[in-house]
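Subject: Structure handover

Hello,

The structure is below, followed by notes on what was found in it. Please read the notes with the model open.

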Amino acid sequence: MQPIYLDYNATTPVDPAVAAAMQPYIVQHYGNPSSTHVYGQTTKEAVERARAQVAALLGCPAADVIFTSGGSESNNTVLKGVVWTYRHKGTHIITSAIEHPATINPCRFLEQQGVQVTYLPVDYTGMVDPEDVRKAITPQTVLISIMHANNEVGTLQPIADISRIAHAHGVLMHTDAAQSIGKIPTLVDDLGVDFLSIAGHKVYAPKGIGALYMRAGCALEPLIHGAGHESGRRAGTENVVLAVGLGQACAIAQADLPRYQREVRQLRDLLWQELEKRFGDRVVLNGHPEQRLPNTLHVNFRGVIGAELLDRMPTLAASTGSACHAGEIALSSVLEAMHITPELGMGAVRFSLGRYTSRHDIDQVVALLEHAF
Ligand SMILES: Cc1ncc(COP(=O)(O)O)c(C=O)c1O
């Protein structure tokens, strides 16, 4: 029996239709998209078709999308690019304490270069208060970067409100949508953002591909200098195979969005109801009760260590939010920022569901937990 996979926030399997779309570009169509002959035209068209598919999911012009190697590169491009490009204006960035390391660590690097970074707190549900954003803005602020959805607890941030505040103060707005893409709508105009990062492997495309939305007119110094690929915004011969995969994945994700909102959410809620029914107040939900990704269930199991609980269920693949080193419990920085106590957070487990999760999987996980907890 295959272990049950409830770790879709870590990565998703490649959709067979994505693999099929990529296949001709692995061997058959190998032209360099910059070449003007027919070999190049074929791959150039494939990349541009893929760009349009990504853009459709984001509700933006295709020209505003650049391909990157993933979420980390997209975030680094924005954070370092804005600081460099707008250094004459100011050197202050606002972000949150619960960002992914792909945001936190470029910020730490920039701090070493003299950039001032404000890490906003979150409440007990993992939410940033837009008022805190407003108060943190100074005349030096050039960028606000707040993730759309948190990868651990799934809490959704009020990005549209924060974007309005940013723009009222002439500040650029970025969101890391690596976790929200394909799970909830991610239309850039509704979110009001200037930059938005996505990662292919969270949306049933392969690892090592992503994209960055850059609103027209928000040109940045590129992270990777070289030839004029991606209209001079990201050098390097296009990764045709993976771009085609991401495009196809985005097209499927767009069609699949309603299913995430209904069926995946229902299965996620069913899992929580079953846990509550069986374990009562021995289980505590983390994250926002409503403003949360439809696939994510983050639970504290009281009185156990999350990793040990998962060790007792080798036929389940899920994640924990705490680590135990030499008898010391270390909570993830996200749970810490949410002021979850170590006694509670040590039993944290993240179940993240996806396209292939079935009712049978949920029943089995509940049965496994009945034995293991
Ligand atoms: C919220 C968030 N941002 C960024 C990343 C990094 O993406 P990638 O692995 O494609 O660099 C991840 C992946 O774990 C993520 O969850």
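The model is a predicted one.

Ligand site

There are 13 residues around the ligand, and those that come nearest are Gly 71, Ser 72, Asp 176, Gln 179 and Lys 202. Asp 176 places a polar side-chain atom 2.6 Å from a nitrogen atom of the ligand. For Lys 202, a polar side-chain atom lies 2.7 Å from an oxygen atom of the ligand. His 100 also has a polar side-chain atom by a ligand oxygen, at 3.0 Å. The ligand taken alone exposes 400 Å², and 85% of that is buried by the protein.

Helix 3

Gly 71, listed above among the nearest residues, belongs to helix 3, which covers residues 71–85. The 15 residues of this helix reach 21 Å from the first C-alpha to the last, close to the 21 Å expected at 1.5 Å a residue. Helix 3 is mostly covered, with eleven of its 15 residues buried. Among the buried ones are Gly 71, Glu 73, Asn 75, Asn 76 and Val 83.

Asn 150

Where is Asn 150 found? It is in the loop between strand 5 (141–145) and helix 6 (159–168). Asn 150 counts as buried because its relative accessibility is 0%, and the cut-off for buried is under 20%. Its side chain has a polar atom 2.9 Å from the backbone oxygen of Ile 98. A polar atom of the Asn 150 side chain also lies 2.9 Å from the backbone nitrogen of Glu 152. Leaving out residues up to four places away in sequence, Asn 150 touches Ile 98, Thr 155, Gln 179, Leu 293 and Val 334. Of these, Gln 179 is also one of the residues that come nearest to the ligand.

Strand 8

Strand 8 (residues 210–214) is mostly covered, and five of its five residues are buried. In a regular strand the side chains alternate between the two faces of the sheet. Here both faces are covered: one side has Gly 210, Leu 212 and Met 214, the other has Ala 211 and Tyr 213, and all are buried.

Strand 8 runs antiparallel to strand 2 (residues 65–68), joined by four bridges; Val 65 has Tyr 213 as its bridge partner. Strand 8 also runs antiparallel to strand 7 (residues 195–199), with five bridges between them. In that pairing, Phe 195 is partnered by Met 214.

Regards

Key:
Residues are numbered from 1 along each chain as its sequence is written. This is a predicted model: local features need pLDDT of at least 70, side-chain atom pairs count only at pLDDT 80 or more; totals for chains, interfaces and linings use all residues. Side-chain values use heavy atoms; hydrogens and water are left out. Helices (H or I, at least four residues) and strands (E, at least two) are DSSP runs, numbered from the N terminus. The expected span of a helix is 1.5 Å times one less than its number of residues. Buried means under 20% relative accessible area, exposed over 50%, partly exposed in between (1.4 Å probe, protein chains only). A polar contact is a pair of N or O atoms within 3.5 Å; within protein, one must be able to donate a hydrogen and the other to accept it, and residues adjacent in sequence count only if both atoms are side-chain atoms. Contact means heavy atoms within 4.5 Å. Two strands pair if DSSP finds at least two bridges between them. A residue is near a molecule or strand if one of its heavy atoms lies within 4 Å of it. Accessible areas come from the Shrake-Rupley method with a 1.4 Å probe; for residues, only the protein chains shown count as cover.
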